[in-house]
Amino acid sequence: MGATLKEGELAYKMENDKVDIKYVQLPYSSIPDTEAEVSDSEIKAYISKHPELYKAEASRSIRYVMFKEEASKEDIDAIKGEVAALLDDKAEFNSNTKQTDTVAGFRNTKNVEDFVNAILP
């Protein structure tokens, strides 16, 4: 086997050259924010100068589905009937007096606020 002089020098350096490295690490959290203030305009300027760093591929595909909440014809007719029943006077049995009382409908009521509060749950 043969080796050149340069290969011998490289092998010697690899075996014998030792390096002692000392370093200091400063975490970003140790520097107060007041020492490095950056304005919004500076951020926008940097981003506009380096747009390739901030391009992103689309990561979502969104499709919209619409569910219409429409009342059926039967529901509409039932609601119309309930509202129409509120307009006219009706007779109700009063369990306290054991008599039938006439309750004024919306057309004949004297106090609209009391009428609305009485029919709402």
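Reply: Start with the space itself. The largest pocket holds about 170 Å³. This is a predicted model, where local features need pLDDT of at least 70, side-chain atom pairs count only at pLDDT 80 or more, and totals for chains, interfaces and linings use all residues. Residues are numbered from 1 along each chain as its sequence is written, and side-chain values use heavy atoms, with hydrogens and water left out.

A word on terms. On a 1 Å grid over the protein atoms alone, a pocket is an open set of points where a 1.4 Å probe fits, with protein on both sides within 12 Å along at least five of seven lines. Lining residues have an atom within 4 Å of a point. Grid points are joined across faces, edges and corners, and the volume is the space filled by probe spheres set on the points.

Now the lining. The largest pocket is lined by A85, L86, D88, K90, E92, V103, A104, G105, T109, F115, A118 and I119. Helices (H or I, at least four residues) and strands (E, at least two) are DSSP runs, numbered from the N terminus. The largest share, 3 residues, comes from α4. By type, the lining divides into 7 nonpolar, 2 polar and 3 charged residues. Here Ala, Val, Leu, Ile, Met, Phe, Trp, Tyr, Cys and Pro count as nonpolar, Asp, Glu, Lys and Arg as charged, and the others, Gly among them, as polar.

D88 leads onward. This lining residue meets R107 in a salt bridge, 2.5 Å from N to O. R107 lies in the loop between β2 (99-103) and α4, and D88 in the loop between α3 and β1, so the pair ties together parts 19 residues apart in sequence. A salt bridge is a side-chain nitrogen of Lys or Arg within 4 Å of a carboxyl oxygen of Asp or Glu. R107 is exposed, at 56% relative accessibility. D88 is partly exposed, at 39%. Buried means under 20% relative accessible area, exposed over 50%, and partly exposed in between (1.4 Å probe, protein chains only).

Follow α3 next. D77 is partly exposed at 39%, while K73 is exposed at 56%.

K6 is exposed at 62%, and E9 is partly exposed at 38%. In total, the structure holds 4 salt bridges.

One backbone detail belongs to the strands. K98 is found in the loop between β1 and β2. Its phi is near 60°, a positive value in a residue other than glycine. Most residues other than glycine have a negative phi. K98 is exposed, at 60% relative accessibility.
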